Amino acid sequence: MDAKIAGFGLTGWAWLLMLAVSVYYFLTVKATRSFPLRFWIPWLVYLVVWLAADFSFFGVQLTLQYMLPIIVGVVASSFTYDKEKLHWLYKKMFLLCLVLVLLFAYGILFYKGYTPYAAYTPMLLSVMAAVSMGAFYLSKKARFFGVYAVLFLIPFLDVTRMALLVFLVILILHFANRNILSKISFAVAGIILAIFVFNTQAFQEKTFFQGKGELTDLQSNLNYYDESNSVFNTSGRSQFYRYYEPGLKASPLVGNGPRADLYLLEKVVGGSGVSEAHNDYLSVLYNYGNIGLGLLLFGFIPTFLSLYGRFLNEKNQYRILLQTSAMILTVTFLMSMYSDNMLKSTVFFADFYFVLIGMAYAPYDDKT
């Protein structure tokens, strides 16, 4: 259990500490901030306006959680990076992931497979996987692929389905791989790996109610919120749309207010511990409406296109690594938002993602 102190658990205090540190550096570091904030300002303004119109404690909490990763990215873009700093950061991230892998192994061996934050931990590891695969494609050094392979074992052994798909997408679509033959080779390898994973007993038992299914079953039953689905195990998610549907229809344009989704779930499943829809698109639509979702996507899509434009003209391999890793993680972020609360996973994923963006835009010292 995540013990609570003053209403916040360990992860709650972690993101609050990150917020305090980020605000401190934002206010004290006097440097040019090159983060593409212009793409995210409409979303940030909309959050603040809605909070002012419908103020509540949980509304403040949600607003800060959504704003924190962007602030972190802005701060990250205010520093100057070079080869040595990037090597140092990679080593520190490697050590963090090594600790997580060891904790995972301990949980598998001594806690009968239970892994805390099972959905979020692989997403944090996916950041390291993306950077490592980028380094592999750019340097051709096998050790970086080895890091990816070890990290892949976590969602594989834990059967975290979206994380498995994320890792496969990183392997197949990473933008650092610009060689056509290499792209084809890794696409084939990725497809073979996906088929192997799909046919494992653990994946079959977790994915299908009957304990066994075919690829065609996935194709026709991937809608988590189709209550008529009797084949694909949605882990209870098919109920959420039914709960939210009246509110979505009542206020489709501007939504029902920050954290209205929580207040609704407290009414319909109060006492069960369920407080999230496990789908960022659904939560944002319910709380902030189509306008809010549109402004959020306006942050992601132009940022990706801007990074892609920089990548096409970039010569420095380290900056290419940062740009391409941020780009592929944009794709996986948007994927993961369909099945989890990735926007609120600040210290697990979102902060790291926006840091990469900030670093990709930050000044780089070529002299070292």
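Q: How do the residues of the lining of the second largest pocket divide into nonpolar, polar and charged?
A: Start by sorting the lining by class. This is a predicted model. In the second largest pocket, the lining has 30 nonpolar, five polar and five charged residues.

Q: How many residues line the second largest pocket, and which lie nearest its centre?
A: Look at the middle first. The lining holds 40 residues. Nearest the centre lie Leu86, Leu89, Tyr90, Met93 and Met359. The space in this second largest pocket is about 1300 Å³.

Q: Which helices supply the lining of the second largest pocket?
A: Trace the lining back to its elements. At least two residues each come from α1 (10-28), α3 (57-76), α4 (83-110), α5 (121-139), α6 (142-158), α14 (317-336) and α15 (346-361). The largest share, nine residues, is from α4.

Q: What lines the largest cavity?
A: Read the list of residues, then their classes. The lining is Trp40, Trp43, Tyr66, Pro69, Ile70, Leu296, Phe300, Phe333, Leu343, Ala350 and Phe354. By class, that is 11 nonpolar, no polar and no charged residues. α3, α13 (280-313) and α15 each supply at least two residues of this lining. α3 gives the most, with three.

Q: What lines the second largest cavity, and how do its residues divide by class?
A: The lining is Leu62, Tyr66, Arg259, Asp261, Glu276, Asp280, Ser283, Asn287, Asn341 and Lys344. Two are nonpolar, three polar and five charged. α3 and α13 are the elements that give two or more residues to this lining. The largest share, three residues, comes from α13. Tyr66 is in this lining, and Tyr66 also lines the largest cavity.

Q: At what angle do helices α7 and α8 pack?
A: For a helix pair, read the angle and the distance between axes. α7 (residues 161-173) and α8 (residues 180-198) pack at about 165°, with axes 9 Å apart. That makes α7 roughly antiparallel to α8. The crossing of α7 past α8 is right-handed.

Q: Which residues make the contact between α7 and α8?
A: Go helix by helix. α7 brings Leu164, Leu168, Leu171 and Ile172. α8 brings Phe186, Ala187, Gly190, Ile191, Leu193, Ala194 and Val197. The residues of this contact comprise 10 nonpolar, one polar and no charged.

Definitions and conventions:
Residues numbered from 1 in each chain as written. Predicted model: local features only at pLDDT ≥ 70, side-chain atom pairs only at ≥ 80, totals over all residues. Heavy atoms only, no water. Axes fitted to C-alpha atoms, helices over the stretch in contact; angles between N-to-C directions. Helix = DSSP H or I, 4+ residues; strand = E, 2+ residues; numbered from the N terminus. Parallel < 35°, antiparallel > 145°, perpendicular 65-115°, else oblique. Left-handed = near helix turned anticlockwise from the far one by under 90°. Contact = heavy atoms within 4.5 Å. Nonpolar A, V, L, I, M, F, W, Y, C, P; charged D, E, K, R; others polar. 1 Å grid on protein atoms, 1.4 Å probe; cavity = no way out; pocket = protein on both sides within 12 Å on 5 of 7 lines; lining within 4 Å. Points joined across faces, edges and corners; volume = space filled by probe spheres on them.
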